[in-house]
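Biologist: Please pick one part of this model and take me through it closely. I would like to know how the part is put together before hearing about its surroundings.

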Amino acid sequence: MIQTHYFINANVFNRRKLWKIMMVISIMLTMSMANVSCINGAENTPSEKKLYIYSSRELSGFFKDIGYPDLWYNDIRISRNSNGTALRFLNERKKKIVVVTCDGSIALVDSPGYLAWLNDANQVIVWFDEKSRVHYANGTSEKRPFSPYSGPDPSGKYFIKQTPVSSVLPLSESCNTSIYSTEKPNIPLIEVDLCGAQKIFYKDGKIYLTGNQYRDGKWQEEVMYIFQEKKNTLEQVDRIIVHRPSKSPAPFYAEDFSPWDDEVLYLDVYDFPSRSRWYSFNLKTRQLTEVGKVPFGSGRAFYLQCDIIKEVTEKLKVETE
């Protein structure tokens, strides 16, 4: 009896231990699924203006759903239009641009070069050919004057050129950035002492230029210049320093700017195994707030008028039923 009683207690103990282990596993699985759901955009709500984060896995699946699996790859170039109602996916290898919009439509645009930028009418306004020449819609062309990573703003109205680095003058003196309109790509509108220019945005008659300055032999913190359109020129109206959340040799730069608000999206890059983080910078309060981590396996984030990926896939489901 004593021995039997011992085994009964042991079984009860084992059952309790097993139950605790199962509860821990259940909680971990629930958290994992929640994390996957968040990564795959499950928390994105259709028809809502906000920042949308998409994982590469979700975007890859999206291309399969819309019938273009051969046009997707993880490093595909993605941009939005000026008001956040369209996403544009450029396949450099096949010179194709897939445009999807909040009304659920899908358009395929042929690109004249391996790199190309569109205006809001889905017209190609600037493109690069294989000989590193850049072409403009007005018929002019020149040897590549800007980095492919800092092309025209989402509306396609303005772009930037950087002065070639001098082998004689210090970098702080020789490296500058000029703003041009895509309609008149050979007439500079204004020059800025910004060397590491990253992104340019245009909204409500103002131009926002982001990047780094090189002074005193080192790169300075992230800076944003704001210019006002004034007839045929631009007038500087503000200069804002954006302090990164932590010191790091890794990049920290602007990725997007809300079309309807004063929020600028910054990416704070972390080395593996840490995950890079997105921050929102409010131009009015000058506050930097963490808004999300880059999904495992990479991802993209944009300020959009709706969850475009869901809108397109749901419309396709209705049409195929």
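Modeller: A residue counts as buried when its relative accessible area is under 20%, and as exposed when that value is over 50%. The model is predicted. The part I have picked is strand S7, which covers residues 124-128. S7 is mostly covered, with five of its five residues buried.

S7 pairs with strand S6, residues 115-118, in the antiparallel sense, and four bridges join the two. S6 and S7 form a hairpin with five residues between them. In that turn, Asn122 has a positive phi of about 60 degrees.

S7 also pairs with strand S8, residues 133-136, again in an antiparallel arrangement, through three bridges. Here Val126 has Tyr136 of S8 as its bridge partner. S7 and S8 make a hairpin too, with four residues between the strands. Ser132 in this hairpin takes a positive phi near 60 degrees.

Tyr136 leads from the strands to the aromatic rings. The structure holds 15 aromatic pairs. Tyr136 and Phe159 have ring centres 5.5 Å apart and planes at 35 degrees, so this pair is tilted. Tyr136 lies in S8 and Phe159 in strand S10, residues 158-162, so the pair ties together parts that are 23 residues apart in sequence. Both Tyr136 and Phe159 are buried.

Another pair can be set beside that one. The rings of Tyr225 and Phe227 have their centres 6.1 Å apart and their planes at 10 degrees, so they are stacked. A stacked pair needs planes under 30 degrees apart. Tyr225 is buried, at a relative accessible area of 3%. Phe227 is also buried, and its relative accessible area is 0%.

Elsewhere, Phe62, Phe63, Trp72 and Phe89 form one aromatic cluster. Charged side chains also sit over rings. Arg93 lies over the face of Tyr73, at 3.8 Å from the ring centre. Lys203 lies over the face of Phe257, with a distance of 4.1 Å from the ring centre.

To return to the part you asked about: S7 has antiparallel bridges to S6 and to S8.

Notes
Residues numbered from 1 in each chain as written. Predicted model: local features only at pLDDT ≥ 70, side-chain atom pairs only at ≥ 80, totals over all residues. Heavy atoms only, no water. Buried < 20%, exposed > 50% of the residue type's maximum accessible area, 1.4 Å probe, protein only. Pairing = 2+ DSSP bridges. Phe/Tyr/Trp six-rings, centres within 6.5 Å; stacked < 30°, edge-to-face > 60°. Lys NZ or Arg CZ within 6 Å of the ring centre and 35° of its normal.
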